[in-house]
Amino acid sequence: MEIIHISAECYPVAKAGGLGDVVGALPKYQCRAGHFAKVVMPMYRTKFLYENEWDIDFKGQTYMGGRYFEYTIIKEKHNKLGFELYLVDINGLLDREKVYGYDDDNERFLSFQIAVMNWMNHWEHTPDIVHCHDHHTALIPFMMQFCYEYKKLSNTPSVLTIHNAQYQGVMGWDRGRYIPAWDGWKYGMLDWNKDLNPLASGIKCAAKVTTVSQSYLNELRYHSNGLEKLFEYEKGKCMGILNGIDNEVWDPSTDTYIEHHYTAEDVTKGKKENKKALCAKFGLDETKPLFVFIGRLVGEKAADILPDAIMSALYNMPRQLNFLILGSGDPAVERRLEGMMINYASVYHAVIGYDETLSHNIYAGADFLMMPSRVEPCGLNQMYAMRYGTMPLVRSTGGLQDTVVDMGDPGGFGIRFNHATAGDLLHAISRAVGLFDDKKKLESMRKQMMGIDHSWEATVDQYLNMYKALQ
Ligand code: ADP
Ligand code: GLC
């Protein structure tokens, strides 16, 4: 099958979170399984663009409403990522450094989708599957079916994967004219609560909708930022497929970002060496358990409860533990986390920013990873942590619930709690401190976690079978 993934992110070209990791890996494993998967994404001005070689694949022109624009599609020359990678350049809209966060993001992603449609419309053939990811590309299924210009693609099956339903790309109906001439009777396929809602449109128009874990899909029918009724109505075409992880990028025995390599066999020694280096770098104490958080400092991740939970832990269990935070997001949370360093030097450190290298070193050197998320569609951090023998402390929600079994339950290896509150997280931390003293048990759980197979090799067939059913 020929599968084209359309996405706003793809690691290592441009990544803001887990969406990038998934789109950077899934196509590679689909190609290895004997299919022809490719990725098309915007041509942001990132390091990867300047460090690699490109061919011009296509030059075109089209309209977004009354706005004429030209676009260029470039293709990475050597298939370095294990699949064909195409970037779309649109001057004035996509030629920016960051993926998101601009006032005209709606126009940027709309123009990107229109350019991709226009490009595919010029192909001599049609792909077997058009696979869209999140709201930035969720208008494609509508355009394939109801824009007169793209009739050629109307019989091609489209799939929408929802990585995060909190963000829906909602815009006013004044933008409806930006979409190339479409069948006005199909107004309802774009509308949700009197707004033009790309994510809702994708759910209505795609042949199949997937979410990145089964538990998240179940939750969406009760909490989905206004789309609850739509998920209930469309449940027949929705399915949950748990994300995999790229075991080649995330492998403590070969990881090029970390200094001391290890396997499950020598996990205690390997983690000790990495922890020593990490603690030395941030003035922390390598003899105490090290609790970490890596991620976006936003409400969904419950980053706002971290300061209280950490301060209570340091007050209740003085001199017994260390914390290290890596993240960026809400400025108020950033300021609180950064400010705490003054009072808690030598037991607490926060790095505000995005740092891929440091994140790998933290997974390798930490003892416990905290994920108190209010919403977690899948979560990759806990899977990376486990692969590096780091025990996750997670709230029982979404993908966290599907991947972590509490150590108190049969076969368990992690710590789960129910509420995204400082109190629940504190309780989880105290259970972890208890485990840290039981070195034998800790080592056996580390080995157990490292043996769990969350690789894409193990899950790629679920996508392929779903595509086949659509042919
Ligand atoms: P989400 O996509 O909701 O942010 P995931 O758990 O799916 O959450 O994926 C997060 C990804 O982003 C992981 O690869 C994680 O290591 C990475 N990440 C998040 N914040 C940072 C940061 N500040 N620095 C480096 N990597 C980060
Ligand atoms: C989203 C979700 C995260 C998921 C990732 C990849 O960003 O917040 O839980 O792991 O997408 O699917």
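Before the first stop, a word on names: helices (H or I, at least four residues) and strands (E, at least two) are DSSP runs, numbered from the N terminus. With that in hand you can find Ser346, which sits in the loop between helix H10 (331-339) and strand S14 (348-352). Keep in mind as you click around that this is a predicted model.

**Stop 1**

Select Ser346. Its phi is near 80°, a positive value in a residue other than glycine. Most residues other than glycine have a negative phi, and most peptide bonds are trans. Is Ser346 buried, exposed or partly exposed? Its relative accessibility is 45%, so Ser346 counts as partly exposed.

Now jump to Lys194, in the loop between S8 and strand S9 (195-196). Here phi is near 65°, again positive in a residue that isn't glycine. Lys194 counts as exposed because its relative accessibility is 71%.

**Stop 1**

Go to Pro12, in the loop between strand S1 (2-6) and H1.

**Stop 3**

Select residues 208-211, which make up strand S10. Which way do the side chains go? Lys208 and Thr210 point one way, Val209 and Thr211 point the other way, and all of them are buried.

Zoom in on Val209 in S10 and you'll find Leu160 standing opposite.

How many bridges join S10 to S11? There are three, and this pair runs parallel too. For one of the meeting points, pick Thr210: its bridge partner in S11 is Met239.

**Stop 2: Gln168 in its loop**

From S7, move on to Gln168, which lies in the loop between S7 and strand S8 (191-192). Gln168 counts as buried, because its relative accessibility is 8%.

**Stop 3: ligand 1**

Select ligand 1 and show the residues around it. There are 19 of them, and those that come nearest are Lys15, Gly18, Asp21, Arg296 and Lys301.

- Asp21: an N or O atom of its side chain is 2.7 Å from an oxygen atom of ligand 1.
- Leu380: a polar backbone atom is 2.9 Å from an oxygen atom of ligand 1.
- Asn381: a polar side-chain atom lies 3.0 Å from an oxygen atom of ligand 1.

On its own, ligand 1 has 560 Å² of accessible area, and the protein covers 93% of it.

Color the shell by element of structure and several pieces show up. At least two residues each come from H1, strand S12 (290-297), strand S13 (322-329), helix H11 (356-365) and helix H12 (381-387). Which of them gives the most? That's S12, with three residues. Color by class instead, and you get six nonpolar, eight polar and five charged residues. Color by domain, and at least three residues come from each of domain 1 (2-244 + 457-470) and domain 2 (267-453).

**Stop 4: ligand 2**

Last, select ligand 2. Its shell has 13 residues, and His163, Asn243, Glu376, Cys378 and Gly379 come nearest. Check these distances:

- Glu376: a side-chain N or O atom is 2.5 Å from an oxygen atom of ligand 2.
- Asn243: a side-chain N or O atom is 2.8 Å from an oxygen atom of ligand 2.
- Cys378: a polar backbone atom is 3.0 Å from an oxygen atom of ligand 2.

The protein covers 93% of the 310 Å² of accessible area that ligand 2 has on its own.

Which element supplies the largest share of the shell around ligand 2? It's helix H1 (residues 18-32), with three residues. By class, the shell around ligand 2 holds six nonpolar, five polar and two charged residues. It draws at least three residues from each of domain 1 (2-244 + 457-470) and domain 2 (267-453).

Definitions and conventions. Residues numbered from 1 in each chain as written. Chains lettered and ligands numbered in written order. Predicted model: local features only at pLDDT ≥ 70, side-chain atom pairs only at ≥ 80, totals over all residues. Heavy atoms only, no water. Buried < 20%, exposed > 50% of the residue type's maximum accessible area, 1.4 Å probe, protein only. Pairing = 2+ DSSP bridges. Near = heavy atom within 4 Å. Polar contact = N/O pair within 3.5 Å; in protein donor to acceptor, adjacent residues only side chain to side chain. Areas by Shrake-Rupley, 256 points an atom, 1.4 Å probe, with all protein chains shown as cover. Nonpolar A, V, L, I, M, F, W, Y, C, P; charged D, E, K, R; others polar. Domains from an automatic or database assignment.
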